Each structure stands twice: as structure tokens, then as C-alpha cells.
Amino acid sequence: QVQLVESGGGLVQAGGSLRLSCAASGSIFSINNMGWYRQAPGKQRELVATIIRGGSTNYADSVKGRFTISRDNAKNTVYLQMNSLKPEDTAVYYCKVELIQGVMGRWTGYWGQGTQVTVSS
């Protein structure tokens, strides 16, 4: 079994900052892509940022220059530092981790439970 535990969401005023964390645990052999997605009410889930094992990153245009994704491979943890938050960043944020559970395993994506981020104007 694999578990993803997210933390760090909350309520913040516009212009403020939050840091999200997502720790993967359980039967894990290797992790490749790690990422953050978000879903606002009435909207589809969208990509926020991803980071591969080597450290290369990718961001949605709407968060470039404000959000930073990072990872600690030793802790199987991915982070999302969110600065200069805007009301339109309000959403449930989900982490996603692509991993294999054994040397002969298949790469499989796992989702966190989601954490609410609310930005007030």
C-alpha cells in the first residue's frame, strides 16, 4: 500500500504565502514525477506544477514566478511554496506521485487526499 499525506493548506489574505507538503510512504521502490494539481468549485482539475526526479520543473502559466515546487527524494516528499497568492488561487490542491513498488513494477500514479487553500481578497 501507498499513502500520500498532504499538509499546509489554509486561509490566507491576498498577497500572502502558504507552503504545501506531500509525503509518500509505504511500499515504494522508486518515485519519478511528483506534482501538484488544483480544482476550484465548478472547474476541472488543472496542473499547477510538476518536478521530475532530476529536478526539472514545469509550471502552469498562471503560477509562474509566484509558486515554486521542490522535492526531497530522501523523504519522498514534494513541496509547493506559494507566494503572492491571489483569490483565483482558491482551490483544493492535490499532490500526485508517480512511483513503482518493486524493480519489476509498473509506474503508477497516486493522488493525495487534497488540501483546501482559500485566498481572501
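Me: In this predicted model, where buried means under 20% relative accessible area, is threonine 115 buried or exposed?
Reply: The model is a predicted one, and the cut-off that matters here is that a residue is buried when its relative accessible area is under 20%. Threonine 115 sits in strand β11, which spans residues 115-120. Its relative accessibility is 11%, and therefore threonine 115 counts as buried.

Me: Which residue in β9 stands opposite methionine 34?
Reply: Strand β4 covers residues 30-39, and seven of its ten residues are buried. Eight bridges join β4 to strand β9, residues 91-100, and the two strands run antiparallel. Within β9, the residue standing opposite methionine 34 is valine 97.

Me: In β5, what is the bridge partner of tryptophan 36?
Reply: Strand β4 is also joined to strand β5, residues 46-51, by five bridges in an antiparallel arrangement. The hairpin of β4 and β5 has six residues between the strands, and glycine 42 takes a positive phi near 80° there. On the β5 side, the bridge partner of tryptophan 36 is alanine 49.

Me: How many residues apart in sequence are the parts that the pair of cysteine 22 and cysteine 95 ties together?
Reply: The structure holds one disulfide, which joins cysteine 22 to cysteine 95 with an S to S distance of 2.0 Å. The torsion about the S-S bond is about 45°, so the disulfide is right-handed. Both cysteines are buried. Because cysteine 22 lies in strand β3, residues 18-26, and cysteine 95 in strand β9, the parts that the pair ties together are separated in sequence by 73 residues.

Me: Why does the pair of tyrosine 37 and tryptophan 111 count as edge-to-face?
Reply: A search of the whole structure finds two aromatic pairs. In the pair of tyrosine 37 and tryptophan 111, the ring centres are 5.0 Å apart and the planes stand at 65°. Planes over 60 degrees apart are classed in that way, and therefore this pair is edge-to-face.

Me: Which residues do ring pairs link into a cluster?
Reply: Tyrosine 37 is buried, with a relative accessible area of 18%, whereas tryptophan 111, at 37% relative accessibility, counts as partly exposed. The rings of tyrosine 94 and tryptophan 111 have their centres 6.5 Å apart and their planes at 85°, so this pair is edge-to-face as well. Tyrosine 94 is in strand β9 and tryptophan 111 in strand β10, 17 residues apart. The cluster linked by ring pairs consists of Tyr37, Tyr94 and Trp111.

How values were computed: Residues numbered from 1 in each chain as written. Predicted model: local features only at pLDDT ≥ 70, side-chain atom pairs only at ≥ 80, totals over all residues. Heavy atoms only, no water. Helix = DSSP H or I, 4+ residues; strand = E, 2+ residues; numbered from the N terminus. Buried < 20%, exposed > 50% of the residue type's maximum accessible area, 1.4 Å probe, protein only. Pairing = 2+ DSSP bridges. Disulfide = S-S within 2.5 Å. Phe/Tyr/Trp six-rings, centres within 6.5 Å; stacked < 30°, edge-to-face > 60°.
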